[in-house]
Amino acid sequence: MLAHAAARHPGPRYHLADMRDFALATAFDAIVCLDSALLYCHTNDDLAAFLARCRAHLTPGGLLVAEMRNGAYFLGATDLLDGPRTASFTRDGTTYTSRTTLSVDHGAQLLRRRRTWTSSDGAPAQEQHSAWRLLFPQELRYFLTTAGFEVLSLHDRPGPRTEPPWQEGDAPRPTASSDRLHLIARLTHHTGNGDTTP
């Protein structure tokens, strides 16, 4: 995947690393974490470790920008859990079809996904398993504040994957019932060794 990205989008440096312990020996003005990537931190320790790595790699006042599923959505809505969803696309004459089932693992606080891929060329079916942490907005605020961040914005709409999609000039709406959650948090004070000071 990294070779594919580098070949088609040369310029940036691409690194393979664990989000809980990456070390790039440089600091950035912003860290962007999209498409629920933050939710691969399945445990509290995972999330704390990731935020510590963000803290260590941000300049003072740097921003953490993230987009993810909203755990609060699943308190009442079941539309994403009601049954398998099927989607298809065709590439180079072969049609690929996915059948996706989502379920909530309440004890682990995870949204689990099972996706089976079939193709019209007769290749064996492939099955994928993945899971995302279901974070509630107030829980996310607590982790960020504890890690030395100030939450500037935590809202559900508009965003890149909400309906209707975001358009320039749209103002954020308070976190309510959308299945997506959008975050902008600022590092408060930085000591230079990955720690924060009040």
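Q: A strand is a DSSP run of E, at least two residues long, and strands are numbered from the N terminus. In which strand does S153 lie?
A: This is a predicted model. L154 has its place in strand β7. S153 also lies in a strand, and that strand is β7.

Q: Is S153 buried or exposed?
A: A residue is buried under 20% relative accessible area and exposed over 50%. S153 has 17% relative accessibility, so S153 counts as buried.

Q: With which side chain does the side chain of S153 make a polar contact?
A: S153 is in strand β7. Its side chain makes a polar contact at 2.8 Å. The partner is the side chain of H155.

Q: What distance separates the C-alpha atoms of S153 and L183?
A: L183 is in contact with several residues beyond its neighbours within four places in sequence, including S153 and L154. Along the chain, S153 and L183 are 30 residues apart. Their C-alpha atoms are separated by 5.7 Å.

Q: Is L154 buried or exposed?
A: The cut-off for buried is under 20% relative accessible area. L154 is at 8%, so L154 counts as buried.

Q: How far apart in space are L154 and A66, C-alpha to C-alpha?
A: L183 is in contact with both L154 and A66. In sequence, L154 and A66 are 88 residues apart. In space, C-alpha to C-alpha, the separation is 9.6 Å.

Q: Which residues touch the most other members of the largest nonpolar core?
A: This core has 34 residues. The residues touching the most other members are L38, L144, F149 and L183.

Q: Which strands stand at the edges of the open sheet?
A: Four strands form this sheet, in the order β3-β4-β5-β6, with antiparallel pairing. Neighbouring strands are turned by 20° against each other on average, direction ignored. An edge strand here has a single partner, so one side is left without a neighbour in the sheet. The edge strands are β3 and β6.

Q: Which residue in β6 does W117 stand opposite?
A: Strands β5 (110-119) and β6 (126-133) pair in the antiparallel sense over eight bridges. R112 stands opposite A131 in β6. W117 stands opposite Q126.

Q: What is the phi of G122 in the turn?
A: β5 and β6 form a hairpin with six residues between them. G122 is in the turn, and its phi is positive, about 85°.

Q: Over which residues does pLDDT stay under 50?
A: The protein chain averages a pLDDT of 88, and 85% of the residues score at least 70. Where pLDDT is low, the predicted coordinates should not be read in detail. pLDDT stays under 50 over residues 191-198.

Definitions and conventions: Residues are numbered from 1 along each chain as its sequence is written. This is a predicted model: local features need pLDDT of at least 70, side-chain atom pairs count only at pLDDT 80 or more; totals for chains, interfaces and linings use all residues. Side-chain values use heavy atoms; hydrogens and water are left out. pLDDT is the predictor's confidence in each residue, from 0 to 100. Contact means heavy atoms within 4.5 Å. A nonpolar core is a set of buried Ala, Val, Leu, Ile, Met, Phe, Trp, Tyr and Cys residues joined through side-chain atoms within 4.5 Å. Buried means under 20% relative accessible area, exposed over 50%, partly exposed in between (1.4 Å probe, protein chains only). A polar contact is a pair of N or O atoms within 3.5 Å; within protein, one must be able to donate a hydrogen and the other to accept it, and residues adjacent in sequence count only if both atoms are side-chain atoms. Two strands pair if DSSP finds at least two bridges between them. Axes are lines fitted to C-alpha atoms, for helices over the stretch in contact, and angles run from 0 to 180 degrees between N-to-C directions.
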